Amino acid sequence: MTPPDDPALVRVLAADGTFAPTPEAERYLPLIDALPDSDLETFYRDMVTVRAFDRQATNLQRQGQLALWPPSFGQEAAQVGSARAARPQDHLFPSYREHVVCTIRGVDPIDIIRLMRGLTHGGWDPTDPKNGNTRIYTLVLGSQTLHSAGFGMGLVFDGRTGTGDPEKDEAVIVYYGDGSSSQGDVHEAMVFAASYRTPQVFFLQNNHWAISVPVSTQSRTPLFQRAAGYGMPSIQVDGNDVLASYAVTKTALDEARAGEGPRAIEALTYRMGAHTTSDDPTKYRTSEEEQSWAQRDPIARMRAYLQSRGASDAFFEGVDAEAAAYADDVRVRTNALGDLDREVMFGHVYSEPHPLVDEQRRWLADYEASFASTEGGHA
């Protein structure tokens with residue numbers, strides 16, 4: 001395992017928010033220097049907003065409004081920096097906790113809620129331009145890496161990348177975790193991506209726990225080194241540093257888009273919350289470990305940096321108010337969603353009518369009818 005304070009990481013902001021680039025970060029500083037204050041403030045606003053949304057969604061699940069919720073608490077910098085690095089024409093393939101990635105690209109947060117409430121198979125239409133080329137969540141671990149590799153191959157075959165026009169050339173970024181990195185799908189995707197030189201970035205969020213399995217059990221070497229076996233340039237970045245995440249991802253996407261082939265990024269971060277709301281992390285990790293990572297909080301780090309640049313108290317108060325209003329709006333709209341239309345769960349399972357689905361539909365109707373009142377009491 002790479003220590004979180006390893007100077008070999010690409011890091012721009014120290015844990016206390018001071019500007020202290022590591023040697024590995026030097027090549028990325030021009031990208032960061034070019035960022036206007038408005039972009040820096042947007043990064044911070046994104047992180048604060050998604051954390052408020054994440055807490056609200058967790059509360060909604062505890063209140064019985066959602067079937068499940070996968071928190072993104074602690075991973076905000078990795079997600080915000082990478083998503084903001086993508087161009088509008090790029091294609092994003094999330095796993096299932098990239099809430100801020102999706103909303104940055106235009107997905108309505110209530111569509112994520114609808115999925116976790118069980119009201120839809122997919123959540124949103126990835127072909128609708130308002131959703132910013134964002135594919136739907138994938139709960140089957142690692143499968144999205146294959147989907148993204150196939151899509152990247154299509155971009156190559158169709159001549160939609162590597163033409164030399166950065167305003168039109170397209171790239172793909174796929175998100176997955178340290179647990180998924182042990183899935184065969186990820187390695188098969190890397191084989192095809194390397195072979196066909198897809199314009200693709202594999203963005204691994206190493207949050208240190210695959211449910212209850214620590215990353216030290218999953219791999220005896222740093223995870224980013226696995227990509228080298230496929231001849232794929234790879235790099236490790238401090239995933240709790242939004243500036244480093246942005247700069248590294250922008251560089252990788254630009255290179256991939258220009259026809260230089262796939263890249264791999266390992267963002268070292270930490271899942272501060274549970275794996276999902278069905279998980280109890282106190283069963284497998286210590287409070288000391290959690291506290292050590294709390295001191296590297298990505299939002300506190302960026303806030304301290306902005307304060308050092310002269311950001312006002314009014315700015316931070318305004319962001320907090322916006323985030324609270326955003327979360328409240330999600331709560332109100334969630335409570336107004338209503339129940340599931342029974343027929344929805346049977347639609348789009350198969351492209352054509354299927355006898356097994358018809359049998360399941362009849363069984364459910366009979367089961368629900370068995371609870372109806374009769375003259376003699378209850379059935």
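**Loops, helices and their packing**

T138 sits in the loop that runs between α5 and α6 (143-157), where helices (H or I, at least four residues) and strands (E, at least two) are DSSP runs, numbered from the N terminus. Before going further: this is a predicted model, in which local features need pLDDT of at least 70, side-chain atom pairs count only at pLDDT 80 or more, and totals for chains, interfaces and linings use all residues. Residues are numbered from 1 along each chain as its sequence is written, and side-chain values use heavy atoms, with hydrogens and water left out.

Back to T138. Is T138 buried or exposed? At 12% relative accessibility, T138 counts as buried, because buried means under 20% relative accessible area, exposed over 50%, and partly exposed in between (1.4 Å probe, protein chains only). Not counting residues up to four places away in sequence, T138 touches P94, S95, Y96, S143, Q144 and H147; contact here means heavy atoms within 4.5 Å.

Another loop residue is D165, placed between α6 and β2 (172-177). D165 has 28% relative accessibility and so counts as partly exposed. From D165 to A149 there are 16 residues in sequence and 22 Å in space, C-alpha to C-alpha.

Next, backbone angles. Most residues other than glycine have a negative phi. H208 is not a glycine, yet has a positive phi of about 80°. H208 is found in the loop between β3 (200-206) and β4 (209-210), and is buried, with a relative accessible area of 8%. H348, also not a glycine, has a positive phi of about 65°. The loop in that case is the one between α12 and α13 (355-369). With 80% relative accessibility, H348 counts as exposed, whereas H208 is buried.

Now two residues inside helices. E289 belongs to helix α10 (residues 287-294) and, at 24% relative accessibility, is partly exposed. Which residues does E289 contact, leaving aside its neighbours within four places in sequence? They are W209 and Y270. E289 and M345 are 56 residues apart in sequence, and their C-alpha atoms are 41 Å apart in space.

Q56 is part of helix α2 (residues 37-62). The relative accessible area of Q56 is 11%, so Q56 is buried. Leaving aside neighbours within four places in sequence, Q56 is in contact with A327, D328 and R331.

On to helix α11 (residues 298-308), whose buried residues are P298, I299, R301, M302, Y305 and L306. Seen down the axis of α11, those buried residues fall within an arc of 160°, so they line one face of the helix; the arc is that of the directions from the helix axis to the C-beta atoms. What do the buried residues of α11 pack against? The partners are α2, α3 (76-85), β6 (234-238), α9 (242-260) and α12 (313-335).

The two ends of α11 also deserve a word. At the start of α11, a side-chain oxygen of D297 comes to within 3.0 Å of the backbone nitrogen of I299. After α11 comes G310, with a positive phi, near 100°.

Last, two helix pairs. At what angle do α2 and α9 pack? The angle is about 110°, and the axes are 11 Å apart; axes are lines fitted to C-alpha atoms, for helices over the stretch in contact, and angles run from 0 to 180 degrees between N-to-C directions. That makes α2 roughly perpendicular to α9, since angles under 35 degrees count as roughly parallel, over 145 as roughly antiparallel, 65 to 115 as roughly perpendicular and the rest as oblique. α2 passes α9 in a right-handed crossing; a crossing is left-handed if the near helix is turned anticlockwise from the far one by less than a right angle, and right-handed if clockwise. On the α2 side, L40, F43 and M47 meet V242, L243 and Y246 of α9.

The second pair is helix α5 (residues 109-117) with α12, packed at an angle of about 45° with axes 10 Å apart. That makes α5 oblique to α12. This crossing of α5 and α12 is right-handed. P109, I110, I113 and R117 of α5 make the contact with Y326, V330, R333 and T334 of α12.

That is where I will stop.

Methods
A polar contact is a pair of N or O atoms within 3.5 Å; within protein, one must be able to donate a hydrogen and the other to accept it, and residues adjacent in sequence count only if both atoms are side-chain atoms.
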